[in-house]
Amino acid sequence: MAILVHDVRKSFHLQKDREIIALNDVSLGVEDQEFVCLLGPSGCGKSTLLKIIAGLEQASSGWVEIDGQKITAPSSDRAIVFQDYALFPWRTVVENVQFGLDLRKVPAKEARKKALEYLSLVNLCNFANVYPHQLSGGMKQRVAIARALVLEPKILLLDEPFGALDAFTRMQLQFELTSICKKNSPTVIFVTHDIDEAIYLGDRVVIMTPNPGKVNAIVNVQLPKPRNRTDYDFNKIRDRVFREFSLVTETSLEYVI
Ligand SMILES: Nc1ncnc2c1ncn2[C@@H]1O[C@H](COP(=O)(O)OP(=O)(O)OP(=O)(O)O)[C@@H](O)[C@H]1O
Ligand SMILES: [Mg+2]
């Protein structure tokens, strides 16, 4: 499914006379099955934009279209994964993954079969019957991803899903996400403030800056997947992204590197 963000502005009223412009006339087109990373520092409006696309927040002006239809509310076509996993502690791992299928009234046996299939995709089928508190952070995040993927959404919205993980687990999940997306081909918007993560995953990297939040540059990453971070071309793109940031933040490149 293709996503079109058209002149979206979002302001929040803090107190009587104070407002924050979280997004200032943001426009962005995402093609069907494209993987786009939103990259930017804290406060540049990444989560706000993702929530508006999910239908969880309303834009102050402008709109978002999906396949030509303006969105006004959340839909099961769009799955969202947050950074803090948000698993149900009283449900086992497989029951967590099954949750959305239960809501859709999928027969229990079929739902469980499908949940197990997606747990195996994220290498967790041996942990189906344990509870979330018995898992590591990386494993919990895998469960959250399986819970979103099991619904086979056309659009996957991920808000810093690997932010809390150690570097090794993070790289492993980045690799797994690349393979899963190759298999299921959803349209993906992935929020991160990690430059390498954005270049490793994205077909395009959308660079956002704060005060007010806006899109400053878009960098194409035309490298085959899975990518190699030590590649010459990967590093050339990394330099380009650093350069874009140094231009907009007026920080010298030497300092950033
Ligand atoms: N519900 C809210 N009420 C008031 N202000 C908000 C609200 N949500 C976001 N903001 C403000 O909007 C701006 C953008 O916030 P947002 O959470 O989208 O940033 P972000 O890029 O996701 O940051 P981070 O990387 O820290 O998650 C911030 O200045 C924030 O204070
Ligand atoms: Mg955020």
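These legends describe close-up views of one predicted model.

Residues are numbered from 1 along each chain as its sequence is written, and chains are lettered from A and ligands numbered from 1 in the order in which they are written. In this predicted model, local features need pLDDT of at least 70, side-chain atom pairs count only at pLDDT 80 or more, and totals for chains, interfaces and linings use all residues, while side-chain values use heavy atoms, with hydrogens and water left out.

**View 1. The annotated domain, residues 3–235.** An unreviewed UniProt entry gives this span the feature "domain: ABC transporter". UniProt positions follow the numbering used here, feature names are shortened, and annotations may be inferred rather than shown by experiment. The end C-alpha atoms of the span are 29 Å apart.

**View 2. Helix H1, residues 46–54.** Seven of the nine residues are buried, so H1 is largely enclosed by the rest of the structure. Buried means under 20% relative accessible area, exposed over 50%, and partly exposed in between (1.4 Å probe, protein chains only). The buried residues include Lys46, Thr48 and Leu49. Gly55 follows H1 and has a positive phi, near 90 degrees.

**View 3. Cysteines without a disulfide.** A disulfide is a pair of cysteine sulfur atoms within 2.5 Å. The count by this rule is zero. For Cys44, the nearest cysteine sulfur belongs to Cys37, 13 Å away. Cys44 is buried, at 0% relative accessibility. For Cys125, the nearest cysteine sulfur is that of Cys181, 20 Å away. Cys125 is partly exposed, with a relative accessible area of 40%.

Terms used:
Helices (H or I, at least four residues) and strands (E, at least two) are DSSP runs, numbered from the N terminus.
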